[in-house]
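Below is a short report on one protein chain. Its overall make-up comes before the details.

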Amino acid sequence: CGFGADAAEVLARNRAWRMSDAAWQREFQVCLEMPDRSHLVRAAVAFDFRHVIGGLEIVPPLVELLQTAHRYQGFLARLARTATDVRTPVRFGRGIVHRRREPEAHAIDIKLGAVLPIANLARFHALANGVTISATLDRLVAVEQLGALAPATAQSLREAFTIVSRVRLEHHAARIQAGLAPDNLVDPDELPPLARADLREALRAVAAAQKQLGRYVPLGL
């Protein structure tokens, strides 16, 4: 489909991501207790695990550990930073680029500036409220149903995620059709007017949710 192998080597061929059930439980516990940058990166991947098929005895104990995440305020504070530190490019046409030395003057990195912030927001609200499902849209539904996130905010983020995902995939498809390698650099000026307006509103919704989170989460830890 055009997606390459993960550049960070979060792959089954990497021994660091193949562990016993006991080792995985220890890993989850350490991520909660020692949320430094390295463990936050691992938590962002490992805590989103999905049970694909078959009977996996490891799933219940890992879910139990995730349900304790709300007790670890240091972890939650640092997790919140992953959702608020990335500045969403809500203003177009000002040379906003999330990668250095890119020739596209008006391009935005739609993965870094839109997809990831929404996923990180959903992950924070889910883990802070004992929600252990992994999919971003399902997390946003769950926290809204729990009353942990205002309906307007949750719905806006779900719409934003759908919009930016569509723009990203259509950009990938266009690059492949043109014989180019897929990337995440989208120039809003090249989008149709309605798509450009939708993308702008989606990014504004993300920025508003980031600002809201920053009001009550102890940042800067």
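Predicted model: local features only at pLDDT ≥ 70, side-chain atom pairs only at ≥ 80, totals over all residues.

Residues are numbered from 1 along each chain as its sequence is written, and side-chain values use heavy atoms, with hydrogens and water left out.

**Whole chain**

The protein has 8 helices and 2 strands (DSSP runs, H or I of at least four residues for helices and E of at least two for strands, numbered from the N terminus). Along the sequence their order is α-α-α-α-β-α-α-α-β-α. Of the 221 residues, 39% count as buried, that is, under 20% relative accessible area with a 1.4 Å probe and protein chains only. Among contacts (heavy atoms within 4.5 Å) with a separation of 6 or more, 64% join residues 24 or more positions apart.

**Helix α5**

| Feature of α5 | Value |
|---|---|
| Residues | 110-128, 19 residues |
| Span, first C-alpha to last | 26 Å |
| Kink at Leu 116 | about 30 degrees |
| Buried residues | 15 of 19 |

The expected span is 1.5 Å times one less than the number of residues. The kink comes shortly before Pro 117; the bend is the angle between axes fitted to the seven residues ending at a residue and the seven starting there. At the N-terminal end, Asp 109 caps α5 with a side-chain oxygen 3.1 Å from the backbone nitrogen of Lys 111. After the helix comes Gly 130, with a positive phi near 75 degrees.

The largest nonpolar core holds 51 residues, of which Phe 28, Phe 47, Phe 75 and Val 164 touch the most other members. Such a core is a set of buried Ala, Val, Leu, Ile, Met, Phe, Trp, Tyr and Cys residues joined through side-chain atoms within 4.5 Å. Helix α5 gives the most to this core, with 9 residues. Leaving aside neighbours within four places in sequence, the contacts of Phe 75 include Cys 31, Phe 47 and Leu 127.

Trp 24 lies in helix α1 and counts as buried because its relative accessibility is 16%. Beyond four places in sequence, Trp 24 is in contact with Trp 17, Met 19, Ala 46 and Leu 62. The C-alpha atoms of Trp 24 and Pro 61 are 9.7 Å apart, with the two residues 37 apart in sequence.

Conventions: Buried < 20%, exposed > 50% of the residue type's maximum accessible area, 1.4 Å probe, protein only. Polar contact = N/O pair within 3.5 Å; in protein donor to acceptor, adjacent residues only side chain to side chain.
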